[in-house]
Amino acid sequence: MRKLKVTGILVAILVLASCKKEIIDKVAEFTGFQKPVNFPEPAYHFDTNPVTREGFELGRKLFYEPRLSRNNTVSCGSCHIQTSAFTHHGHDVSHGIDDRLGKRNAPPIMNLAWHNSFNHDGGVFDLDMQPIVPITTFEEMDETLENVLKKLKAHPQYPGLFAKAFGSEEITSARLLKALSQFMVMCISADSKYDSVMRNESSFTAEEMQGYELFKQKCASCHKEPLFTDLSFRNNGIGIGFNGDVGRYEITLNEADRYKFKVPSLRNLKYSAPYTHDGRFYTLDAVLDKYSTGMRYVQNIDPVLDKGNSTYGIDISDAERVYLKAFLNTLNDEHFVKNKLLSE
Amino acid sequence: MAGLLFLASCKKEGKEPEYNQNELAPLSVEFDNIVGGTNLYLNATTYTNAAGEDYTVSLLQYYVSNIKVYKADGTEYVVPQDSSYFLIKEGDQASGSALVNVPEGDYARLVFTLGVDSLRSTMDIDKRTGVLDPASGMDNGMYWGWNSGYIFLKMEGLSAAAPVDGSGQNKFRYHIGGFGGYSAPTINNIKEISIDLNQAGVAKVRKGRTSNIHLMVDIGKVMSGTTTVSIAANPTVMFSDFSTKIAANYAAMFSHDHTEN
């Protein structure tokens, strides 16, 4: 009996191990851009930049290339770390070249193919144009695009890699940016437990299910499934930041946009602390505390947070918080943070 | 559907007769930057604005695009857009004029955009070549990364009226852009400039020679126009509501001096 039990466990371990291996092999194999079945149509313009293996691999190499920064010390991957769901773990605001600090939290490189604007303020509307921001920003990479191209042209490998990806050794802004986009659109997080439930491959526990119901009542109007953001700009009532960041207003100069920021996704919270545009909350409980008890009026606070009688926030009881956190935990996607295809 | 598209494109071509590109003749538009009655010299001559502030100019560049010419009878020729973007840079001889090709004829009116149209400002990166390439001349960058779009006119200089900045200089900086916004409307500083050539000489464009429309561009008007811009009050103007006042000022800085046929 005892022997049987041990064998049983062994078999189970073997089965598990082989399952896991299969999954890793599966995700590590390049199959082009594939829309997860529970996702909507992507927003990215694949017609002008189809993802190819060579383009994607070049984009990955460029993503981890420190030559994109002035003194060759900072790569995209420095602040967008895969194991932290492509965010900068532990940093409230971006920490760039020469230990300079930016004013906002590094957002995740995750499911960007479905986004129609980029950065916390949506100042960039084409993913291809996005890398210019960190490359040229004083606090991030402090380099010029012109100089990046020079460095890549002088590199022993890049001309050949560009030729493989684009048909000739010419290295241009367009090719550099499109290769980076090919890598970024492949950073898809769609293998969380939530996704498997949506694809009828598994089911929620009772606790997770209760959390899901609460989520749909209290959170889903902004954190829309399956991206867990409706991609809009809102003031979530956390109050004006230490640096007075006006958010979306900088882009539109519209008073109604002052202190609004893009609704962040709730996927991979386990890996991506700290939270919100300036990283002021280091734990999920701190965020939930703010919503449930700590909210005050601030200019342009989102109407969904208005509880009437000059009170703001979302009522979440202690019991509800347990369920909500159980549900949010199903949005963590281990495959995404470990997928070798996306690793340096 | 393909038939419809074909028809649609035919119809469009009907409005703008298709010219044999080999049959076109060169036309240049020269942008001669001045301040009032004097030539513009970078980092040298001191000028005075309407607010009574002295200043020198260290950097001046602007985009000219979407060039169109009209004959006296109103016939329009639109330069193909891919060949119609120019960055005029003071101090760079090669970037002082816009050279285009148009059908032979006598042209009585010139129209161009000061800035970069919204369509091109939102176009695929493949279509942003030459002076629109964000990698071209980023030292004096004419592209805003964080708020994706081009800077239409950039003017910088020194003035005792400007407060000392982080670099220890009394510098003023006017970076004017804004194509109207992509997903939400915002400031639009695109200016279409129309110039009547009848008074100072129509452009007689013929093959085998280059007709040159010589424009005077009074940079002093950036600060002195409908709005008197004080360097002391506004040493730095970039993406802000006030930039529309400066753009309205500079829309009036072009005048036709003569045409060399």
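Which loop of chain A does A:Pro274 lie in? Select A:Pro274 and you land between strand S2 (261–262) and H11 of chain A. Helices here are DSSP runs of H or I with at least four residues, strands are E runs of at least two, and both are numbered from the N terminus.

Before moving on: this is a predicted model, where local features need pLDDT of at least 70 and side-chain atom pairs count only at pLDDT 80 or more, while totals for chains, interfaces and linings use all residues. Residues are numbered from 1 along each chain as its sequence is written, chains are lettered from A and ligands numbered from 1 in the order written, and side-chain values use heavy atoms, with hydrogens and water left out.

A:Pro226 sits in the loop between helix H9 (206–218) and strand S1 (233–234) of chain A. Then jump to A:Phe86, in the loop between helix H3 (76–79) and helix H4 (132–136) of chain A. A:Phe86 is not a glycine, yet its phi is positive, about 60°. Most residues other than glycine have a negative phi, and most peptide bonds are trans.

**Two helix pairs**

Select H11 (284–292) and H12 (318–329) of chain A: their axes come within 12 Å and cross at roughly 130°. (Axes are lines fitted to C-alpha atoms, for helices over the stretch in contact; angles run from 0 to 180 degrees between N-to-C directions.) The pair is therefore oblique, the class left over once under 35 degrees is called roughly parallel, over 145 roughly antiparallel and 65 to 115 roughly perpendicular. For the contact (heavy atoms within 4.5 Å), show residues including A:Leu288 of H11(A) and A:Leu328 of H12(A).

Now try H2 (53–63) and H6 (158–166) of chain A, packed at about 145° with axes 7 Å apart. Residues making this contact include A:Leu58 of H2(A) and A:Phe162 of H6(A).

**Zoom out to domains**

Colour chain A by its domain assignment: domain 1 (1–30), domain 2 (53–188) and domain 3 (193–336); such bounds come from an automatic or database assignment. The centres of domains 2 and 3 of chain A, taken over C-alpha atoms, are separated by 27 Å. At their boundary, 30 residues of domain 2 are in contact with 26 residues of domain 3. Together they bury about 2,200 Å², 53% of it on carbon and sulfur atoms; buried area is the accessible area (1.4 Å probe) that two parts lose on being put together, summed over both.
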